[in-house]
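Subject: Structure handover

Hi,

Here is the structure for you to look through. My notes follow below it.

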Amino acid sequence: MLQLVVVPKSRVVFITLILIFLVAVGVLILNNFFFRGENRNQPSTQSTSSSITKENPNLGSASNQKAISIIVYLDLLCPDCERAHREILPRIIKDYVDTNKAKISYKILGTYGPESMSAGNATYCADEQGKMLDFIKNAYEIAARSTNVSPFSNIGLTNIARKTSLKIPEWQDCVSKSKYTSKINKNKQEVLDTGGYGTPHFIIEGKGYNGAPPYDIFVPVIESAIAEKVK
């Protein structure tokens, strides 16, 4: 014979509270699991922004309308260009680009014969991989240490590309096509159009300036261009 067990009212309330607590904990655990699963599929803002670090041959914000424009024309075979790259441009970048007063664009010339044109093409092919400035830096450093062997032969340019950590097959395919020859010739015409006759050449707010004088010579020119820009 079955007996009816009467549970005291206080015990019923206690058991009910325990059940409600367990259900609530279960819901929290499930929600946490699903939300964490969704977040794993969404890259964080920090990791996304830090991954966009492709180097560009233009320094300074292109959208900064108040910054003056400085275009630098370099030839990898030009000793004065190397000096400008090493002594003058870092100071312009520090004093004017980093302070948002100027933006710099780099353009390559090929005025020293076939090797110069090959070096120019090689530089723009490095730009396809976002490493134009690294290629220029490494080219000047290797050229400064070279003695008898030209650093701008096919083998020499490949050594520069390797030091720049380029993807060599893609870079070589680009170089073999000489696809930037017309661009390099166009750069030369831009120099001639602003009265240029040698390398390096600077165009500051549309006005051409030849050679690589000491940095102090550039200061009043740049300051005047900035003053004119803000009028």
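There are 3 aromatic pairs in this predicted model. Rings of Phe, Tyr and Trp (its six-membered ring) pair if their centres lie within 6.5 Å. Planes under 30 degrees apart count as stacked, over 60 as edge-to-face and the rest as tilted. Buried means under 20% relative accessible area, exposed over 50%, and partly exposed in between (1.4 Å probe, protein chains only).

Two notes on the basis. Residues are numbered from 1 along each chain as its sequence is written, and side-chain values use heavy atoms, with hydrogens and water left out. Local features need pLDDT of at least 70 and side-chain atom pairs pLDDT 80 or more, while totals for chains, interfaces and linings use all residues.

Now Thr123. Is Thr123 buried or exposed? Thr123 is buried, with a relative accessible area of 0%. Thr123 belongs to helix α4 (residues 114-127). Leaving out residues up to four places away in sequence, Thr123 touches Leu76, Ile108, Met132, Phe135 and Ile136. Contact means heavy atoms within 4.5 Å.

Next, a helix pair. Helix α3 (residues 79-97) packs against α5 at an angle of about 120 degrees, and their axes are 11 Å apart. Axes are lines fitted to C-alpha atoms, for helices over the stretch in contact, and angles run from 0 to 180 degrees between N-to-C directions. That makes α3 oblique to α5. Angles under 35 degrees count as roughly parallel, over 145 as roughly antiparallel, 65 to 115 as roughly perpendicular and the rest as oblique. Which residues meet here? Cys81, Glu82 and His85 in α3 meet Ile136, Lys137 and Tyr140 in α5.

Last, the whole protein. It has 9 helices and 5 strands. Helices (H or I, at least four residues) and strands (E, at least two) are DSSP runs, numbered from the N terminus. From the N terminus, the order is α-α-β-β-α-β-α-α-α-α-α-β-β-α. The protein has 231 residues, and 34% of them count as buried. Among contacts with a separation of 6 or more, 72% come from residues 24 or more positions apart.

Best wishes
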